[in-house]
Amino acid sequence: MTTSMTAPAHAEDGYDLWLRYRTLPAADAAARVGGARTIEVRGASPALTASANEIRRGLAGLSGNAPVADARAPAIMLATAQNRDVAMLHLPLAPLGAEGYLVRRVSLGNRKVTLVTGNTDIGVLYGSFALLRHLQTGGSLDRIDLTSSPRVKLRVLDHWDNLDGVVERGYAGASLWDWWTLPDLRDPRYTDYARANASIGINGTVLNNVNAKAESLTAPHIAKAAALADVFRPYGIKVYLAARFSAPIELGGLKTADPLDPQVAAWWKAKTDEIYRAIPDFGGFLVKANSEGQPGPRDYHRSHADGANMLAAAVAPHGGIVMWRAFVYAETDPEDRAKQAYTEFKPLDGKFAPNVIVQVKNGAIDFQPREPFHPLFGAMPKTPLMIEFQITKEYLGFATHLAYLGPMFAETLASETMRTPGETVAKVVDGSVEGHAQTGMAGVANIGRDRDWAGSTFNQANWYAFGRMAWDPTLGAAPVAREWAAMTFAPSPRVVDPVVAIMMGSREAVVDYMTPLGLAHVMATGHHYGPGPWIADLKRPEWNPVYYHRADKAGIGFDRTKTGSNAVAQYAPALARKLADPATTPERELLWFHHVAWDRRMASGRTLWAEMVHDYDSGVGYVADMRRRWDGLKTQVDTERWAKTATYLAVQEHEARWWRDASLAYWMSVNDLPLPAGVAAPAHDLAWYKAQRFPYAPGNPQ
Ligand code: BDP
């Protein structure tokens, strides 16, 4: 028997992510890749070597290791703009900036080559991955012509990884960083992590949790971080550290961490110099201050700007930056939690040093399945703001639920601030509104030591989409899903179409079965796994789900208009006016902004209560549908990845029902309303749902 070039599905465990480079059907490989090719590298640098290696690996894989080089096939040439041959071509390279690329068939003398170029070797690296993506998604080398440069400067993953290997809100196993064996052991997996990130344009990684330990700034830990930085450098990825604001006390033995105390500033300066001696291209610090118990400048009656600027002065001589988080709310503050970050930060606009970038979560509360965009976007024109998304699904069913977050990222980025015509969150984030040079997007990573990195195949899509949308925040969720599906499974529409159909409605389904119509924060306490809308006994009011939904006999929802907390006034006047009236508030955000009667008439003609029931049911229905579609893909997807996804979808369907049933049981205990005719009653009584306990749910370090 001969073996077929189209090879049976390989046993796959997801390790290769979207960089699988599986052999194309023979005819396709010949037409699109044309056999093995010569790869010419002009100049020498680790990034150019990494680029050539990746292309070699990709072409070998896609063309099935075709042993004989096709002498007629034009070579692939990797060279930066400084190369003489490239310079003589007078290509439009200047607008590509430091990280953009151009991949094009060109003539060098009487020779044709496929040129991969950019102004820097990192541009060439990104171009190499773009070339491979082009081939993996059905393109061919023949007429290749690709050009792109990132719209956002800093594209960073935030790892909430603790020094003991536990990942806060991590659902993909232990931390990828084996701190114990670092810096000696440079696990090859670190290189694969860097390859994956470079392939989607991520250029920074914050190694440790924002709930930081001072120890991550000690000499042994700096050496560990330096080893990782060495591995990541050829891939254009800088290392950052989350800094604990009180480290001068804990490590330096000082009596205070007051940012205006010269000794404190001197301690940080010396510490920063020490880091830069080990990591010359260290990116800088990320700080969570005065939030959820973390120390910060407010402990000394100083402002967030005082704190940020003191650290900024320490990193400035080295070209570093400070990412200062705006995720603040205080136990002593009775103000609507959704308003607190704006209240605290808006007056500081213009007070931050130039190398500070304020990191704002996508919404004003906390990474919920749906939140209106954070009112700080557009409200601090003199301050560069970066957006922070959560890629790990703390509030969207952990690793087991399939929820493609592309539509969520896109929805926030496309939101209009209504400050100036056409101003969107994306335009604030990419700096085009105010002309900021410092721009950024952060994603809380969903990566761990699981073989498939992200806990499930479909979670990989969220990592992928984050990177692609950080590169270009105007990219649509569907085209990104198509790319990912083609690379992760196969480029055939028979696979891509149903996979993308599954993905595109999946996040909305989670919204429907967890938090329909603008509800938020109704998850169980601590681990946030499963429903807990009844919870009312936690110490701080804003920890309790009842604080957020405010359901009573008359209605449900948080009044954020003038008659309530007036959070709507934090938006631009035109938008605030729209949101002040339930009739002009998008229904999907209705209960976020308004307390409305259960019998309010909705656009569908149903009452609010009937609409909620309908949403819960359609969420569950969508999951059942995803299972059916996935069943239809059984022969198209390799066994291991197919089976794990199928199992997780079964878990999801079960848990979606649990969410629906528990929520309905609770709402009915509040509103005393019957279920609409023909609707199934919850499987258990409310007491049963309330009694569920999950003491060892993952991602919740104690
Ligand atoms: C919340 C998480 C908590 C994080 C916090 C943050 O529950 O684990 O520490 O966000 O972003 O969503 O700082």
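These legends go with close-up views of a predicted model. Local features here need pLDDT of at least 70 and side-chain atom pairs count only at pLDDT 80 or more, while totals for chains, interfaces and linings use all residues. Numbering runs from 1 along each chain as its sequence is written, and side-chain values use heavy atoms, with hydrogens and water left out.

**View 1. The shell around the ligand.** There are 14 residues around the ligand, and E168, K288, R325, K361 and E394 come nearest (near means that a heavy atom of the residue lies within 4 Å). Sorted by class, the shell has 8 charged, 4 nonpolar and 2 polar residues. For that tally, Asp, Glu, Lys and Arg are charged, Ala, Val, Leu, Ile, Met, Phe, Trp, Tyr, Cys and Pro are nonpolar, and the others, Gly among them, are polar.

View 2. The pairs here are polar contacts, meaning N or O atoms within 3.5 Å. For R169, an N or O atom of the side chain sits 2.9 Å from a ligand oxygen. On its own the ligand has 320 Å² of accessible area, and the protein covers 97% of that (Shrake-Rupley method, 1.4 Å probe).

**View 3. The loop between strand 6 and helix 5.** Strand 6 spans 154-158 and helix 5 spans 188-199, with P183 in the loop between them; these are DSSP runs, at least four residues of H or I for a helix and at least two of E for a strand, numbered from the N terminus. R169 is in this loop too, and has a positive phi of about 60° despite not being a glycine. Its relative accessibility is 10%, so R169 counts as buried (buried is under 20%, exposed over 50%, partly exposed in between, with a 1.4 Å probe and protein chains only). Look also at the peptide bond from L182 to P183, which is cis, with omega near 5°.

**View 4. H301 in its loop.** H301 is found between strand 9 (284-287) and helix 9 (304-315). It's not a glycine, yet its phi is positive, about 60°. With 73% relative accessibility, H301 counts as exposed.

**View 5. W630 and the nonpolar cores.** The largest nonpolar core has 191 residues, and F232, W268, W463 and W630 have the most contacts inside it. Such a core joins buried Ala, Val, Leu, Ile, Met, Phe, Trp, Tyr and Cys residues through side-chain atoms within 4.5 Å. A second, separate core has 32 residues, including A399, A551, M602 and Y666.

Technical notes
A polar contact is a pair of N or O atoms within 3.5 Å; within protein, one must be able to donate a hydrogen and the other to accept it, and residues adjacent in sequence count only if both atoms are side-chain atoms.
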